[in-house]
Amino acid sequence: RKKVTIQHLHHLRNENLPIAMLTAYDFPSGRACEAHEIDITLVGDSLAQVCLGYDSTMRLTMDEMIHHCRAVARGSKTPFLVADMPFGSFHTSTDDAIRNAIRLMQEGGAEGVKIEGGMEVVDVVHRLTVVGVPVMAHVGLLPQRHIQSSGYRVQGKDARSAMHILESALALEQAGAFAMVLEAVPQDLGRYITQRLRYTPTIGIGAGPGTDGQVLVWDDMLGTWNGHKAKFVRRFGDVRAEIERGVTGYVQAVRSRTFPARDKESYDMPSEEWQKFT
Ligand code: KIV
Ligand code: NA
């Protein structure tokens with residue numbers, strides 16, 4: 001398989017071929033994206049919740065993101081590799097944003113960065129693009145604003161806020177975003193924004209079937225835990241059941257001394273050596 005480039009992603013959009021994006025947080029999940037032909041691997045800041053046990057993505061630091069991004073990069077080579085810019089890494093100044101984006105590329109091995117936000121990040125998206133940092137935009141539900149918005153809610157349900165999201169999307173395309181995540185918006189709005197953009201591929205999560213691609217969080221998609229399941233999540237696997245089967249089986253086998261077996265799972269010394277020894 002050939003390396004996925006931005007040009008290839010634009011080709012997929014033009015040919016109306018769906019883009020499959022998936023998050024990854026470590027070497028094994030990165031390698032699975034590589035092996036199973038994911039187009040874009042995203043080291044999402046959902047890392048904070050699904051891997052590190054924080055209650056919010058707002059707690060994730062640049063150093064934590066880089067540490068995980070490096071591991072993903074070792075496993076995911078062919079997909080286009082994007083890293084989320086953590087909360088606080090791009091709002092203090094444009095210079096800080098550029099410095100942090102470059103760290104994600106040089107230290108983390110990312111090929112592009114994703115930035116959450118609407119009109120307020122248009123400037124920084126433009127500056128990063130000028131410098132040569134590919135930026136994926138992210139509009140609609142913004143998890144890095146969950147405190148300010150009092151939770152995680154569908155965005156753009158009324159005409160006014162739908163217009164606001166559309167205007168942000170158009171401005172982010174003008175600013176140079178190479179792709180755009182649409183999170184938790186009504187499906188009609190997801191399709192409409194996709195049609196109104198000139199060339200930027202849209203990647204939906206809870207944005208309906210009318211976007212150019214889809215993204216899901218690894219753990220939601222595989223069912224590795226049993227926390228809250230958003231309406232837009234489909235479980236394509238039941239890893240949690242497999243983990244339960246494996247761990248309970250192991251504990252039970254150790255406690256009942258049926259593991260390890262003497263023949264198949266243990267080593268032997270030649271008997272004459274054992275006699276010399278004892
Ligand atoms: O952090 C993340 O996993 C994301 C995707 C859900 C788009 O931003
Ligand atoms: Na994110």
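The secondary structure of the chain, taken from a predicted model, amounts to 11 helices and eight strands. Along its principal axes, the C-alpha trace extends over about 85 × 40 × 35 Å. Of the 278 residues in the chain, 40% are buried. Contacts between residues at least 6 apart in sequence were also examined by separation, and 60% of them join residues at least 24 apart.

The strands are arranged in a closed barrel of eight, in the order 1-2-3-4-5-6-7-8 and with parallel pairing. Within this sheet, neighbouring strands are turned against each other by 25° on average, with direction ignored. In general, the strands of a sheet pair through backbone hydrogen bonds, in either a parallel or an antiparallel sense. One of the pairings joins strand 4 (residues 112–116) to strand 5 (residues 135–140), in the parallel sense and over four bridges. Within this pairing, V113 has V135 of strand 5 as its bridge partner.

The largest nonpolar core comprises 65 residues, and the members that touch the most others are V113, V135 and M180. Helix 4 (residues 62–75) makes the greatest contribution to this core, supplying six residues. Nonpolar side chains tend to be buried together in soluble globular proteins.

Ligand 1 is surrounded by T23, L42, G44, D45, S46, D84, V181, I205, V215 and V217. Classified by residue type, this shell consists of five nonpolar, three polar and two charged residues. Among the residues around the ligand are D45 and D84, and both are charged, since Asp is assigned to that class.

R255 counts as exposed because 9 C-beta neighbours lie inside 10 Å of it, and the limit for exposure is 12 or fewer. In sequence, R255 and Y152 are 103 residues apart, and their C-alpha atoms are 44 Å apart in space.

Notes
Residues numbered from 1 in each chain as written. Chains lettered and ligands numbered in written order. Predicted model: local features only at pLDDT ≥ 70, side-chain atom pairs only at ≥ 80, totals over all residues. Near = placed C-beta within 6 Å. Buried ≥ 20, exposed ≤ 12 C-beta atoms within 10 Å, placed from the backbone. Core = buried A, V, L, I, M, F, W, Y, C linked by C-beta atoms within 7 Å. Helix = DSSP H or I, 4+ residues; strand = E, 2+ residues; numbered from the N terminus. Pairing = 2+ DSSP bridges. Axes fitted to C-alpha atoms, helices over the stretch in contact; angles between N-to-C directions. Contact = placed C-beta atoms within 7 Å.
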